[in-house]
Amino acid sequence: MTRQVALPDGGEKVRAAGGEKLLEAAGQVRELLDAMVRLDVRTPAAPELVERLDEVLELLRVEIAPESAMVPDLFKDRKGDYMDRSPVSGALNPMAPPVSLRMDGENGVRTSTRLGLPYQGPPGRVHGGWVATLLDHVMGFAAGTVDQWIFTRSLTVDYDHAVPLFEELELTAWVEEIDGRKIWVRGQIEAGGKVVAQARGLWLPPRNRPAPQD
Ligand SMILES: CCCCCCCC(=O)SCCNC(=O)CCNC(=O)[C@H](O)C(C)(C)COP(=O)(O)OP(=O)(O)OC[C@H]1O[C@@H](n2cnc3c(N)ncnc32)[C@H](O)[C@@H]1OP(=O)(O)O
């Protein structure tokens, strides 16, 4: 079973298209997100922060595309820098940790990441919703989100142990079984060499799409 899996390129296309500065800005906003959750509520920097951010937003208001322009047609191939805006692996999305995906054998996808305070759930641990998000994302790519949409139909996550903040997390996902349109995928997160979370899920293309090739 050999499957073609297209992965986000970690911003290479953006860089090649002259978006180096925008990538740098995304990195700064990512740093800003981290700073926001580390500020004291009475920080004396707040008034100036508001003023400076207002200037930044003023600059952007005339540049940003309408929301509808950023939503691609579901049944056309994904083009442009759509993947660079993803909330998990999008180099241009400051919400994304980000993760840079790579192949792991023929049917698997692997990545590593480290999450900081914006992702904190219980003290010192990654928020469970983000644990599921990370797994959903890498498992979706392992399922073969290849220039077409394949959706998560079911995802069951086992939170075996705490998923720690500030530590290197190894994420892997692999296709377990293909049954017609149904693609069953497994995924796991390791920290310090131990599996801390694992998941199994079902991925499906929309009904009017051709079935994936075995
Ligand atoms: C940019 C990169 C993104 C990375 C990927 C990230 C992943 C995502 O965020 S995806 C977004 C979240 N998911 C969604 O929006 C999906 C919403 N759901 C849908 O659109 C539809 O339900 C869709 C397209 C998945 C499936 O549609 P449809 O084929 O009509 O569904 P449905 O008939 O309910 O199920 C199909 C089959 O799966 C089976 N099935 C469904 N759930 C289960 C389950 N839990 N266990 C076993 N079988 C199941 C059904 O019984 C059915 O079987 P059969 O065809 O043999 O009768």
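How many bridges join S3 to S6, and do the two run parallel or antiparallel?

Analyst: This is a predicted model, in which local features need pLDDT of at least 70 and side-chain atom pairs count only at pLDDT 80 or more, while totals for chains, interfaces and linings use all residues. Residues are numbered from 1 along each chain as its sequence is written.

S3 and S6 run antiparallel and are joined by eight bridges, where two strands are said to pair if DSSP finds at least two bridges between them. Helices (H or I, at least four residues) and strands (E, at least two) are DSSP runs, numbered from the N terminus. Within this pairing, Ser 154 has Leu 202 of S6 as its bridge partner.

S6 also runs antiparallel to strand S5 (residues 182-191), with nine bridges joining S5 to S6, and here the bridge partner of Ile 183 is Trp 203 of S6. S5 and S6 form a hairpin with two residues between them, and in the turn Gly 192 has a positive phi of about 55°.

The ligand brings S3 and S6 up again. Around the ligand there are 14 residues, the closest being Gly 140, Phe 151, Thr 152, Arg 153 and Ser 154; a residue is near a molecule or strand if its C-beta atom, placed from the backbone, lies within 6 Å of it. Two or more residues of this shell come from each of helix H4 (128-143), strand S3 (151-159) and strand S6 (194-204), and the largest share, four residues, is given by S3. By residue class, the shell holds four nonpolar, six polar and four charged residues, where Ala, Val, Leu, Ile, Met, Phe, Trp, Tyr, Cys and Pro count as nonpolar, Asp, Glu, Lys and Arg as charged, and the others, Gly among them, as polar.

As for the setting of these strands, the chain comes to four helices and six strands, which follow the pattern α-α-α-β-β-α-β-β-β-β when read along the sequence. Among contacts between residues at least 6 apart in sequence, 66% join residues at least 24 apart, a contact being two residues whose C-beta atoms, placed from the backbone, lie within 7 Å. Of the 214 residues of the chain, 25% count as buried, that is, with 20 or more other C-beta atoms within 10 Å of their own, whereas exposed residues have 12 or fewer and partly exposed ones lie in between, with C-beta atoms placed from the backbone.
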